[in-house]
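Welcome! Please take a moment with the sequence and the 3D view before reading on.

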Amino acid sequence: MNKEIIAVYPGSFDPITNGHLDIIKRASRLFSKVIVLVAINENKSERFTPILRKEFIDSAIKENNLTNVTCDYYNGLTVKYCEIHNASYIIRGLRVVSDFEYEWAYATTNEYIDNNIEFVFLMAKKENTFISSSSIIELAKNHIDVSKLTPKLVSEKLKEKYK
Ligand code: ADP
């Protein structure tokens with residue numbers, strides 16, 4: 001009997017972008033099940049509530065027919081979430097060299113807590129390297145169309161928010 005291989009893709013996703021979505025799509029082809037995990041971080045200022053961030057992700061999952069992907073949110077340690085949900089992999093995306101230092105610290109800290117969970121890093125596609133949640137917000141605030149950079153519901157909400 002084949003064992004289900006479950007991976008968690010954690011992040012702020014505030015909001016989800018096409019860069020995140022590309023990582024989700026690629027991960028969905030590598031693992032039997034992918035859980036996109038919206039991290040609730042009380043120390044970080046939020047642009048959208050976790051409920052709304054999940055709504056954006058759920059809508060993108062549905063729109064892209066990613067049947068082995070689900071979304072959840074959690075305010076504890078990601079590795080603890082993985083242990084509870086039998087996930088043995090954590091996925092992260094890497095854009096430019098500056099991401100590396102942060103991701104290295106993130107991975108090694110998590111390995112200190114539980115080194116049975118393996119980190120898998122997927123390189124951003126070159127057309128997505130400049131996309132971040134904060135750059136999307138900056139563009140939207142300045143009334144630049146972001147519909148090519150985010151899932152549909154996100155660009156619609158941003159247009160409405162900053163009109
Ligand atoms: P966090 O606050 O945890 O870094 P983010 O939502 O900013 O949350 O990012 C979640 C993960 O997705 C990180 O590993 C980040 O490097 C990756 N990521 C963000 N934007 C992109 C992109 N455009 N292409 C590929 N990976 C990305």
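Let's start at Tyr 81, which is buried, with a relative accessible area of 2%. Here buried means under 20% relative accessible area, exposed means over 50%, and partly exposed lies in between (1.4 Å probe, protein chains only). This is a predicted model, where local features need pLDDT of at least 70, side-chain atom pairs count only at pLDDT 80 or more, and totals for chains, interfaces and linings use all residues. Residues are numbered from 1 along each chain as its sequence is written, and side-chain values use heavy atoms, leaving out hydrogens and water.

**Aromatic pairs**

- The whole structure holds six aromatic pairs, counted when rings of Phe, Tyr and Trp (its six-membered ring) have centres within 6.5 Å; planes under 30 degrees apart are stacked, over 60 edge-to-face and the rest tilted.
- Tyr 81 pairs with Tyr 74: their ring centres are 5.1 Å apart and their planes at 65°, so this pair is edge-to-face.
- Tyr 74 is partly exposed, at 23% relative accessibility.
- The rings of Phe 119 and Phe 121 are stacked, because their planes are at 20°, with centres 6.0 Å apart.
- Phe 119 is buried, with a relative accessible area of 10%, while Phe 121 is partly exposed at 34%.
- Tyr 106, Phe 119 and Phe 121 are linked into a cluster by ring pairs.

**Helix α2**

- Helices (H or I, at least four residues) and strands (E, at least two) are DSSP runs, numbered from the N terminus.
- Pro 50, Arg 53, Phe 56, Ile 57, Ala 60 and Ile 61 are buried in α2.
- These residues cover an arc of only 135° around the axis, so they sit on the same side of α2; the arc is taken from the directions from the helix axis to the C-beta atoms.
- Residues three or four places apart point the same way because an α-helix has 3.6 residues a turn.
- Ile 51 and Lys 62, on the other side of α2, are exposed.
- The cover over the buried residues of α2 includes α1 (18-30), β2 (33-39), β3 (69-74) and α6 (152-161), where contact means heavy atoms within 4.5 Å.

**Nonpolar cores**

- A nonpolar core is a set of buried Ala, Val, Leu, Ile, Met, Phe, Trp, Tyr and Cys residues joined through side-chain atoms within 4.5 Å.
- The largest one has 32 residues, of which Ile 57, Ile 91 and Leu 158 touch the most other members.
- Another core of 13 residues lies apart from it, with Val 8, Leu 37, Val 79 and Tyr 106 among them.

**Cysteines**

- There are zero disulfides, a disulfide being a pair of cysteine sulfur atoms within 2.5 Å.
- The sulfur of Cys 71 is 14 Å from the closest cysteine sulfur, that of Cys 82, which is too far for a bond.
- Cys 71 is buried at 11% relative accessible area, and Cys 82 is buried at 0%.

**Backbone details**

- Asp 14 and Pro 15 are joined by a cis peptide bond, with omega about 0°.
- Pro 15 lies in the loop between β1 and α1.
- Phe 13 is found in the loop between β1 and α1, and its phi is positive, near 45°.
- Asn 86, in the loop between α3 (78-84) and β4 (89-94), has a positive phi near 55° and is exposed at 58% relative accessible area.
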